[in-house]
Amino acid sequence: MSDSFLSGLWGNIIGDIIFGVIAGLFAVLWRQTNNKLRAVTKGKLVKSPMGTDVAYEIDGEVYLNSRGDIRNITRSRARDYNVVWSPDGEYIAFQSRAKSGRIVLMVADKNLGKAMALLEYPAMAQQRAFSWLHNGGIMVDFGGSATIIKQAEIDRKLNGLHTTK
């Protein structure tokens with residue numbers, strides 16, 4: 001065999017290996033991107049009342065897309081879900097289920113991207129729903145009885161977020 005044949009053969013083998021590595025990396029990146037896109041489409045998307053921002057939950061995390069700036073606002077070991085915007089579109093509330101079995105009603109300021117606990121209760125409490133009230137408070141329905149968190153209390157807790165920037 002001639003040297004040119006062997007060098008051509010090695011060149012083809014090396015070229016095939018390099019192509020295989022690049023194709024493999026591309027496939028991994030494609031799968032990761034595709035999985036994220038699939039997760040977004042499977043996650044619960046919730047538009048703000050003004051339609052300019054979106055909150056969504058994926059794999060137990062809550063993300064906020066505010067004018068193209070995407071942030072994970074939970075980053076916890078808890079499972080975060082049930083995202084609801086405030087009537088003015090400045091805050092989101094959601095539930096967070098810790099491994100301890102307790103559920104925490106959380107609220108986050110969209111501008112800070114930080115969340116604060118408002119109310120904690122056992123998972124057995126049969127809590128069915130919560131909703132923002134037109135006056136900025138939140139009502140939590142426990143299936144026959146309700147707890148109302150007034151806007152002043154929410155503002156007081158959120159002010160703690162503003163002071164710890």
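A residue counts as buried when its relative accessible area is under 20%, as exposed when that area is over 50%, and as partly exposed in between. These terms are applied below to a predicted model.

The secondary structure of the protein consists of two helices and eleven strands. Along the sequence the elements are arranged as α-β-β-β-β-β-β-β-β-β-β-β-α. The protein has 165 residues, and 33% of them count as buried. Among the contacts with a separation of 6 or more, 30% are made by residues 24 or more positions apart.

Charged side chains were examined next. Side chains of opposite charge can pair when their charged atoms come close. Three salt bridges were found in a search of the whole structure.

One of these salt bridges is formed by Lys110 and Asp53, with 2.6 Å between the closest N and O atoms. This pair links distant parts of the chain, as the two residues are 57 residues apart. Lys110 lies in the loop between β7 (102–109) and β8 (114–122), whereas Asp53 belongs to strand β2 (residues 53–58). Lys110 has a relative accessibility of 8% and therefore counts as buried, the cut-off being under 20%. Asp53 has a relative accessibility of 0%, so this residue also counts as buried. Both partners of this salt bridge, Lys110 and Asp53, are thus buried.

Another salt bridge joins the side chains of Arg102 and Glu120, at 2.8 Å from N to O. Here too the pair links distant parts of the chain: Arg102 is in strand β7 and Glu120 is in strand β8, 18 residues apart. Arg102 counts as partly exposed because its relative accessibility is 31%. Glu120 has a relative accessible area of 46% and so is partly exposed.

A further salt bridge is found where the side chains of Asp69 and Arg71 meet, with an N to O distance of 3.3 Å. Asp69 is partly exposed, at 40% relative accessibility. Arg71 has a relative accessible area of 21% and is likewise partly exposed. The value for Arg71 is 21%, and a residue counts as buried only under 20%, so Arg71 is not assigned to the buried class.

In summary, the salt bridge between Lys110 and Asp53 has a buried lysine and a buried aspartate. The salt bridge between Arg102 and Glu120 has a partly exposed arginine and a partly exposed glutamate.

How values were computed:
Residues numbered from 1 in each chain as written. Predicted model: local features only at pLDDT ≥ 70, side-chain atom pairs only at ≥ 80, totals over all residues. Heavy atoms only, no water. Helix = DSSP H or I, 4+ residues; strand = E, 2+ residues; numbered from the N terminus. Buried < 20%, exposed > 50% of the residue type's maximum accessible area, 1.4 Å probe, protein only. Contact = heavy atoms within 4.5 Å. Salt bridge = Lys/Arg side-chain N within 4 Å of Asp/Glu carboxyl O.
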